[in-house]
Amino acid sequence: MDNLRKLPPLGRLRAFEAAARHESFTLAADELSLTQTAVSKQIAALEAYLGTPLFTRRNRAVFLTEEGRRYGQVVSSALADIALETARLRGTMQNTGLVLHCQLCEAFYWLMPRLSRFHERHPSLEVRVVTSIAPLTEAPESFDIAMQTTGRASGAARLAFTVDDEVFPVAAPATVASHELPIPVDTLEHFTLLAHRTVPQMWMDWETWYQRMGVPAKRPCRTLDFDNFPLVLQAAVAGQGVALGWRRSVEGLIADGKLVRVCSESVLRPGELSVYRGNRAGNAEGVEALIEWLKEELLAS
């Protein structure tokens, strides 16, 4: 009982868990039907109780401190356990299949062609894939496992492992049919360059790729910008220009003859893709099985 008296009020923990998961006081307030000020006050009171800052406040944005990230993982797991047991007691237990949150491009081009192999190995485990182009902090629901580009906001999700990738130009065969492959990097300016533009720019763009090649970026005849990477690849397949391709996402398209590698040069990206454990509870063995399978497949590809 003495230990229970040392716990912070539940309202403060709920506000902190939501803010840590979203890494945003505003999104936490929306989720909990509170004002942003109320969430901020709850978290400030929790920080005062603990005697340590859980967030760094900068320019109207918040970022978890290392202590906040660790505390968020503990609080998130504990609240998930409470919610799970409550559902059991009330007889409202939902499907306990695994929820895999995945970036849209990796889900479409890398995961889906392979997922049947996981089901063959673990036929009793159901996997529901949830796709998004937003970071994990904006995930609309809890998940068991997540895959996203390293460096994007991950909130209280716990890192399981990272894998490398490489980036190189790709195009439809017809786009480069009149050129002998591989094409020199400094002649790419003659093609339309397809780009994935975001604010802030979270992915490697053409300017950065040129810099890594040691070649001054040249102005192409034409550029086409898109707000998500699957559209960039579809535009490349449709013959609209040359795109930067992440090997794990384009290897299937290259194998099918829909794209070809344009240049021999590439930029290696150590730890480019991260796999995380989420905050759902109830099937620890299934989560570990899926993580081990993802690691095996990612390291093999």
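Analyst: Let us begin with exposure: a residue is buried when its relative accessible area is under 20%, exposed when that area is over 50%, and partly exposed in between (1.4 Å probe, protein chains only). The model is predicted, so local features need pLDDT of at least 70 and side-chain atom pairs count only at pLDDT 80 or more, whereas totals for chains, interfaces and linings use all residues. Residues are numbered from 1 along each chain as its sequence is written, and side-chain values use heavy atoms, with hydrogens and water left out.

User: Why is Cys263 called buried?

Analyst: Cys263 has a relative accessible area of 1%. This value lies under 20%, and therefore the term buried applies.

User: What makes Cys105 count as buried?

Analyst: The relative accessibility of Cys105 is 6%, which is under 20%, so Cys105 is buried. Cys105 is one of the buried residues of helix H6 (residues 104–111); helices (H or I, at least four residues) and strands (E, at least two) are DSSP runs, numbered from the N terminus. In H6, six of the eight residues are buried.

User: Why is the contact between Asp225 and Arg197 called a salt bridge?

Analyst: A salt bridge requires a side-chain nitrogen of Lys or Arg within 4 Å of a carboxyl oxygen of Asp or Glu. For Asp225 and Arg197 the N to O distance is 3.5 Å, so the pair meets the definition. Asp225 lies in strand S8 (residues 222–226) and Arg197 in the loop between strand S7 (192–196) and helix H8 (206–213), so the pair ties together parts that are 28 residues apart in sequence.

User: What makes Asp205 a salt-bridge partner of Arg197, and why is Asp205 buried but Arg197 partly exposed?

Analyst: Their closest N and O atoms are 3.7 Å apart, which is within 4 Å, so this is a salt bridge. Asp205 has a relative accessible area of 14%, under 20%, and is therefore buried. Arg197, at 29%, falls between 20% and 50%, so Arg197 is partly exposed.
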